[in-house]
Amino acid sequence: MFTSMLEAFLNLFRPIRTHQYPAEEMVLPSGYRGLIEYGIDACIFCDKCEKVCPPGAILFYQHEDGTKTYRYNPWLCIYCGECVRACPKPEEALWQSETKQLSALKEEGANEGWFVWEEACKQSREEYAAAKKSAKIQNKSEE
Amino acid sequence: MKKTIQIPLGSQHISLLEPIRFKFECENEKIIGVDADVGFVHRGVELACTRSFEFKQVGYVVARVCGLCAITHSLSYTLAVEKLLGFVANDRIKYLRMLMVELDRIHSHMLCLAHTAENAGFEALFMQIMGDRELIMDVQEAISGNRVQFDYISIGGVNRDLTPELVALIHKNLGLLTDKIDALIGLFDNNWSLSLKYKGVGVLRLEDAYIYNALGPLARAAGLATDVRAETSDFPYEDIGYTMILESTGDIHARNFVRLREIVNSIAMCQNIVNNLPVGEIQEKAKGKPNGEAVVRVEAPRGELFYLVRGSGQNMLDRVRIKTPTFSAIPAMMEVFKGSEYADAPAILASFDPCMSCTAK
């Protein structure tokens with residue numbers, strides 16, 4: 001009992017073990033798996049990242065002229081880094097940063113907005129494929 | 001007139017971390033019959049693995065079955081798929097995987113010890129052990145890049161390599177932890193509420209352990225020599241100084257001691273792995289698609305984790321079956337409850353270290 005009382009008394013002068021969070025900044029370790037970042041200039045639009053992504057957080061919108069638009073949902077992403085490993089040009093087109101994503105605000109539409117986008121991407125793919133198919137048939141019939 | 005009374009424990013109870021329900025048939029204070037219900041957190045992971053995700057993505061899905069043994073789940077699944085693909089990992093990959101599994105075992109056992117202490121009415125020790133556990137969590141976070149969802153193991157290797165700074169951090173934190181575990185062993189042996197109170201409580205006899213197929217620390221505390229690490233040859237555990245930890249009494253005290261001594265053993269193994277890391281690539285190409293059926297057993301912190309994976313040469317798998325250690329240990333758990341006091345039930349339950357989110361998946 002004497003030792004425990006001594007310990008308890010000494011504990012008054014020992015440094016605090018917990019992290020004083022709002023007063024002190026939380027330090028993330030180096031190499032923290034954070035947001036996926038995208039460089040449009042180096043991207044070759046191979047769609048490999050979209051295919052490997054487990055939750056489907058990366059989508060490409062297919063425009064009618066053949067170009068594509070990248071869209072990424074940081075709130076759906078599980079930060080596994082599989083897309084970066086699949087990317088043929090890592091570090092230039094797609095890389096994993098060490099920044100942490102904050103919680104979504106209502107205006108950002110993390111769920112509803114993304115559902116709309118998912119539907120739009122799916123539809124754009126189908127329309128593009130159908131247009132290509134009909135163009136092929138037309139070409140053949142002309143020949 | 002009926003002589004027994006039914007008392008439920010759960011699904012919501014002050015001593016429970018996760019939802020599980022036991023219905024105790026009590027005669028005065030003695031428990032004479034037990035009924036268990038574990039399916040409160042069912043999420044349909046097995047079906048999702050075969051319907052919504054391709055086999056390369058499933059490793060990340062099964063890692064989310066459990067927060068504590070995430071690495072063991074993804075490791076078992078990856079081993080099963082690698083067996084189907086005919087891929088054999090090199091020694092460096094094997095050692096890095098072993099390192100993460102052993103670190104996982106250390107922090108899982110520490111969590112269980114903390115809760116056992118809490119159930120003995122020892123709140124301060126709970127805080128202390130959870131604080132010490134941060135040493136291991138920090139190492140895991142630095143190695144894998146995330147605190148809980150490691151996503152470290154992928155088909156064909158591991159995702160990150162050890163750097164010299166990481167090796168220094170591992171040595172520093174494991175060194176600090178060794179002293180703390182030594183102090184804990186003394187405390188668990190000599191403290192009144194942790195040793196005398198728990199000696200002879202919740203006894204599982206060796207014969208019952210055989211009959212009811214106990215596994216993991218529960219079986220080893222009863223003296224049943226069962227450990228997947230010694231039984232399978234997927235990993236070179238003999239080379240890094242693995243020893244089977246056995247106790248004979250089978251009570252809560254023995255379970256605590258199996259866990260404490262396994263932590264000591266795991267720390268030694270981690271240091272061996274880091275010191276003797278072979279040279280090689282950390283990621284190799286595993287080509288093809290899974291065709292056939294593979295069964296894998298891996299020793300999770302709580303016991304044997306069993307995976308069955310069946311594929312038919314396509315991107316989608318036909319079947320993923322996960323049998324978790326807690327699920328297999330339920331018959332033995334129910335046997336332990338019989339004959340003990342009702343007031344001891346929360347403490348006995350905490351000493352099993354049940355993981356409901358694994359079991360119900």
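I take helix axes as lines fitted to C-alpha atoms over the stretch in contact, with angles running from 0 to 180 degrees between N-to-C directions. Helices are DSSP runs (H or I, at least four residues), numbered from the N terminus.

Entry 1, conventions. I note that this is a predicted model, in which local features need pLDDT of at least 70, side-chain atom pairs count only at pLDDT 80 or more, and totals for chains, interfaces and linings use all residues. Residues are numbered from 1 along each chain as its sequence is written, and chains are lettered from A in the order in which they are written.

I looked up pLDDT, the predictor's confidence in each residue from 0 to 100. Chain B averages 85, and 100% of its residues score at least 70. The model has ipTM 0.79 and pTM 0.87.

I find α2 (residues 55-62) and α3 (residues 70-85) of chain B packed at about 155 degrees, with axes 8 Å apart. α2(B) is therefore roughly antiparallel to α3(B), the term for angles over 145 degrees. On α2(B) the contact (C-beta atoms, placed from the backbone, within 7 Å) uses B:Phe55, B:Val58, B:Gly59 and B:Val62. On α3(B) I list B:His73, B:Ser74, B:Tyr77, B:Thr78 and B:Val81.

Entry 4, the chain A side. I see 13 residues of chain B in contact with eleven residues of chain A. On the side of chain B that touches chain A, α2 and α5 (123-144) each supply at least two residues. α2(B) gives the most, with four residues.

Methods: Parallel < 35°, antiparallel > 145°, perpendicular 65-115°, else oblique. Contact = placed C-beta atoms within 7 Å.
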